[in-house]
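Keep the 3D view open and follow along as each residue comes up.

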Amino acid sequence: CKAHVERGTTFEIDDFGENYHIERTREHQAYYFGEVGVTLYGCMLRIRVEDLSDQYLGPNEKAKLLALFKSLGRLPIVLIAHIIISEDLHHDAAFVQHVNSKIIPEWLAKVAAPGVVIERREKCSDGAPNQYKLAEMVLWTSKQKASGKPAIRWSFRGTAHGKDDSDPELGVHKNAADRWQLRAGEGEVAKLFTPRDFYLFASDQMRELKEDFFTKKKGVGIYRREFHWIPNKGAEAINRRISGCNRLGDVGIKKLHFFEDIGRPGFVGIRERSCHQCPDACAVGKFSECKHNARCGHYRVLELSPKTALRAVSTRTTRENGAVDFAERCKEGAFFVTDITLSSSEKFTMYAVHKDSMLREADEATCGDNQGQLAVKQGEAVIDGVRFSCVSAGGTIFASTGIEVVVPVRHILAFDLDMQELDPSRCSARVASGRVRKWQLSTDGHAEIQRLLSETLEDCVAAAVENVSGRS
């Protein structure tokens, strides 16, 4: 909990704030219908002073803080307010995962003292069903330690505004932005026009706290503020291709108020309720010694059931993000589909990842040919695949051609395909050894690919119409 943060751990409270709406000081009536919103996300992070580097704190600052907390008779724990500002207005699990898999872990690695490794992050949030309390978040949590990031232990509280440190802190920034807008002088429409303007204002005007603020608050207020920006487009934008997860067995997400990463992807430790009253037991992971097992439930390990349905993308932005994610983690033999074909009779081309393939940048540009090689731009992301051909036109059974192809990830249409190797007919071992191995694409997978091809064609037609309209 807040008062018992151990070395090598953090205690974090996450919450979305209500969107801030940028209102111009001198606004034309028509702008009412073009209102600009800003997403504010707060991560109130508590960490031990000893775990922070001198470079981050400043000269002699660590000694001053340790002396202050010693005089107060409390553990040296400081609160760092992380304010995430974005033009992406979707408050969902993908946003939460982006913040907690990229922004916060990278910051922790940067500010940790030499020799200090943050091994666990204690997370607390409300139970919003489309942001935190859903099976996809449990599955994502189970993968953090295995991916080299700190393990996460997540617990829930009530869903309402004003119940944590985040809401009042985000309210301070909204109020400050309103006051800043009122400073627009004669001839100025406003000071802030876009979410990026809000971020630049906050990071410049709100970062510094009064020198004696933390001391007067007796070490319980905000020690520092950190600001982070998430754009709506580009490489730093949120990738919403998150891993799906089926229902949590016999538990159900509504009854689950505590889960933690145990270092095995697809498995989590769970209890019906979290306990914050056993600093010598629950706080250090000794749940069997908890005095409140009758109320909180006994600790056990739950196996998750990830969804294995076809993963596909149908827009340019999500296609690029999803394809890169697939290329980074793909293993030998994983099947994927591109929308580039060799003949008009084919609608898509099937590939399997080559055994020595890895995501890389193309060394040089190459031209496509009628043997199946694709056109590649110098420097673009590519992977190596083995091309498969359909046994019968329009069918769902494929066999390897043995042709190795360099595939630009921008052409990948669908991946993680459900392909089953066909069992050879009963015959002698000599005959079976000479047969070509074949794989069959599931009916649902084939139908989904056809749907994606149709959507891609519609997008191209719409873009062409928009281009012609713009010229006229």
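In this predicted model, the largest nonpolar core holds 53 residues, and the members that touch the most others are Val78, Trp154 and Leu248. Helix α3 supplies the largest share of this core, with 10 residues. If you select Leu248 and set aside its neighbours within four places in sequence, you will find it in contact with Ala135, Val138, Ile253, Leu256, Leu302 and Leu304. A further core of 26 residues lies apart from the largest one, and Leu79, Ala176, Phe198 and Ile222 are among its members.

Is Val111 buried or exposed? Its relative accessible area is 3%, under the 20% limit, so Val111 counts as buried. Where does the chain meet this residue again? Beyond the residues up to four places away in sequence, Val111 touches Asp51, Leu52, Ser53 and Tyr56. Take Ser53 as an example: Val111 and Ser53 are 58 residues apart along the chain, yet their C-alpha atoms are separated by 5.8 Å.

Now let's turn to the charged residues. How many salt bridges are there? The count comes to 17. One of them joins the side chains of Arg120 and Glu122, with an N to O distance of 3.1 Å, and both of these residues are buried. Glu122 has another partner to show you: its side chain also makes a polar contact, at 3.0 Å, with the side chain of Arg153. You can find Arg153 in strand β6, which spans residues 151-156. With a relative accessible area of 6%, Arg153 falls under 20% and is therefore buried.

Another pair to pick out is Glu169 and Arg225, whose side chains form a salt bridge at 2.4 Å, N to O. This pair links distant parts of the chain, since Glu169 sits in helix α5 (residues 166-181) and Arg225 in strand β7 (residues 222-230), 56 residues apart. Which side of the 20% limit does each partner fall on? Glu169 has 5% relative accessibility and so counts as buried. Arg225 is buried as well, because its relative accessibility is 10%.

Compare that with the salt bridge between the side chains of Asp384 and Arg360, at 2.8 Å from N to O. Here too the pair links distant parts of the chain, 24 residues apart: Asp384 belongs to strand β15 (residues 381-390) and Arg360 to strand β14 (residues 360-361). Asp384 has 19% relative accessibility, under the 20% limit, so it counts as buried. Arg360, at 33%, lies between 20% and 50% and therefore counts as partly exposed. Salt bridges can also be joined up into a network, as you can see with Glu12, Asp14, Arg121 and Lys123.

Finally, a word on the cysteines. How many disulfides does a search of the whole structure find? The search finds zero. Cys43 has 0% relative accessibility, so it counts as buried. Cys367 has 67% relative accessibility, which is over 50%, and therefore counts as exposed.

Conventions: Residues numbered from 1 in each chain as written. Predicted model: local features only at pLDDT ≥ 70, side-chain atom pairs only at ≥ 80, totals over all residues. Heavy atoms only, no water. Helix = DSSP H or I, 4+ residues; strand = E, 2+ residues; numbered from the N terminus. Buried < 20%, exposed > 50% of the residue type's maximum accessible area, 1.4 Å probe, protein only. Polar contact = N/O pair within 3.5 Å; in protein donor to acceptor, adjacent residues only side chain to side chain. Contact = heavy atoms within 4.5 Å. Salt bridge = Lys/Arg side-chain N within 4 Å of Asp/Glu carboxyl O. Disulfide = S-S within 2.5 Å. Core = buried A, V, L, I, M, F, W, Y, C linked by side-chain atoms within 4.5 Å.
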